Amino acid sequence: MRVAAVDLGATSGRVMAGTVGPGRLELEEVRRFPNGGVRVANATGSTLHWDVLGLYREVLAGLGDAGEVTGVGIDSWAVDYGLLGADGRLLGNPVHYRDSRTDGVAEFVHRTIPAPELFAVTGLQELPFNTLYQLVSEGDRLAAAEKMLLIPDLLGYWLTGSVGAECTNASTTQLYDVRERTWAAGLAERAGIPARLLPPLREPGERIGTLLPALAEELGKPELPVVAVGSHDTASAVVAVPAEPGTNFAYISSGTWSLVGLELDEPQLGASALAANFTNETGVDGKIRFLRNVMGLWVLTETLRTWAAHGEPADLATVLAEAAAAPALAAVVDIDAPEFLPPGDMPARIAAACRETGQRPPESRGELVRCIVDSLALAYRRAVRQAAQVTGRPVDVVHLVGGGARNELLCRLTADACGVPVLAGPVEAAALGNVLVQARALGAGLPDLAAMRRLIRETQPLRRYQPGGGNWTAAEARLSGAGVVA
């Protein structure tokens with residue numbers, strides 16, 4: 001069986017062809033394309049948008065290039081959406097979650113719905129760009145909208161004409177009742193969001209529909225089914241975590257963002273989970289992804305972009321080699337601090353953060369990149385340990401999947417920081433999880449997550465990193481004065 005997996009990240013997208021059979025799981029990259037924000041001037045300043053029409057064009061081109069496939073599924077980043085009018089047309093390009101329009105909106109919403117009440121219903125981590133806050137920031141524009149579709153659902157609608165919301169992504173909106181597994185329509189109305197905007201929910205594995213006739217003719221793919229997968233890319237990535245049954249594992253889906261957590265059967269909605277700012281997102285097969293967002297490789301990517309913009313381009317492999325040779329834990333920052341969220345001059349921001357905590361700022365490129373990677377590993381350590389503490393479940397191994405699995409320095413330092421082995425891979429975890437859920441829906445003999453993960457272990461290259469040394473406790477202490485919980 002051969003299916004097409006559309007996997008859209010915040011900085012790049014890809015269309016992959018996945019082949020699944022007994023003891024066989026192969027991926028072929030059909031098309032890769034850049035993604036990112038487009039800043040557009042307006043009467044009050046500017047807004048950072050996504051070029052969703054450009055993404056759709058690339059998706060169609062990738063499906064055309066994929067050849068003969070028996071299905072297609074789409075996953076992407078979470079929280080962002082398009083609004084449809086009553087005529088089914090998109091009202092405007094979706095706004096990027098890194099746009100500043102939600103500044104202060106959470107505090108405004110909390111006057112009506114206190115944060116503990118929001119958490120008790122949705123189980124969601126407080127982030128300034130949650131879909132709830134984005135919708136509130138729309139103001140009067142909501143009156144013209146009929147439906148809100150998250151990015152994979154919007155693309156699926158354009159492919160099939162079917163309106164709906166896949167539940168793993170819906171659970172990231174702060175508008176989803178994580179216990180009842182339905183929209184929290186009453187909560188939405190209290191926040192000023194019309195309940196009519198919330199589309200019917202779908203489970204991973206449901207068929208959304210088939211390609212619209214005109215598209216099917218254009219692409220030469222009649223009757224091609226579009227399948228709802230774990231449409232939040234982290235939900236698909238967690239499907240591809242190659243965990244052995246019965247192991248106490250944590251996972252890190254490491255890309256532009258890093259999602260660090262545990263897979264649970266029930267949400268954790270107590271005071272300790274709220275205080276630790278963890279989130280409860282729905283996973284495939286009814287699992288709960290108990291995790292925390294960590295800033296991820298975004299800071300490193302923006303650092304390279306800043307150097308290039310100043311006429312000093314740097315090769316990633318070279319600066320990582322220089323970082324590996326730089327002193328360990330010489331300087332660390334709170335990688336999740338709000339100043340690292342928007343695009344901008346990351347080297348300057350890192351230097352300022354070091355000075356604020358009484359540390360000498362990095363002087364060379366190698367030292368700066370080492371500071372970023374050390375700080376990221378330190379954030380992973382905090383999240384893994386807090387997840388174990390909140391749930392009372394020990395962690396014996398960390399599975400690191402996604403693009404970060406290629407970064408040997410990051411994997412080694414994560415093992416050192418967490419004090420347990422790290423099993424790195426697969427790199428294309430989201431695409432693989434997308435393929436596996438599609439394949440099961442279309443008849444492959446993959447009855448459960450254990451079977452899917454066994455196929456990952458049997459077919460995908462993995463690398464094990466044993467923990468070493470490093471005074472990570474002392475490094476954490478340097479940040480405690482900045483309000484970072486160790």
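Helices α11 (298-309) and α13 (residues 346-356) pack at an angle of about 120°, with 8 Å between their axes, where axes are lines fitted to C-alpha atoms over the stretch in contact and angles run from 0 to 180 degrees between N-to-C directions. The two helices are therefore oblique to each other, since angles under 35 degrees count as roughly parallel, over 145 as roughly antiparallel, 65 to 115 as roughly perpendicular and the rest as oblique. On the α11 side, Trp298, Val299, Glu302, Thr303, Thr306 and Trp307 make the contact, and they meet Met346, Pro347 and Ile350 of α13; contact means heavy atoms within 4.5 Å.

This is a predicted model, in which local features need pLDDT of at least 70 and side-chain atom pairs pLDDT 80 or more, while totals for chains, interfaces and linings use all residues. Residues are numbered from 1 along each chain as its sequence is written, and side-chain values use heavy atoms, leaving out hydrogens and water.

Among the 8 aromatic pairs of the structure is that of Tyr97 and Trp257, whose ring centres lie 6.2 Å apart with planes at 50°, so the pair is tilted. (Rings of Phe, Tyr and Trp, the last by its six-membered ring, pair if their centres lie within 6.5 Å; planes under 30 degrees apart count as stacked, over 60 as edge-to-face and the rest as tilted.) This pair links distant parts of the chain, 160 residues apart.

Trp257 also belongs to the lining of the largest pocket, where Ser254, Gly255, Thr256, Trp257 and Gly403 lie nearest the centre.

Technical notes: On a 1 Å grid over the protein atoms alone, a cavity is a set of points where a 1.4 Å probe fits but cannot get out, and a pocket is an open set with protein on both sides within 12 Å along at least five of seven lines; lining residues have an atom within 4 Å of a point. Helices (H or I, at least four residues) and strands (E, at least two) are DSSP runs, numbered from the N terminus.
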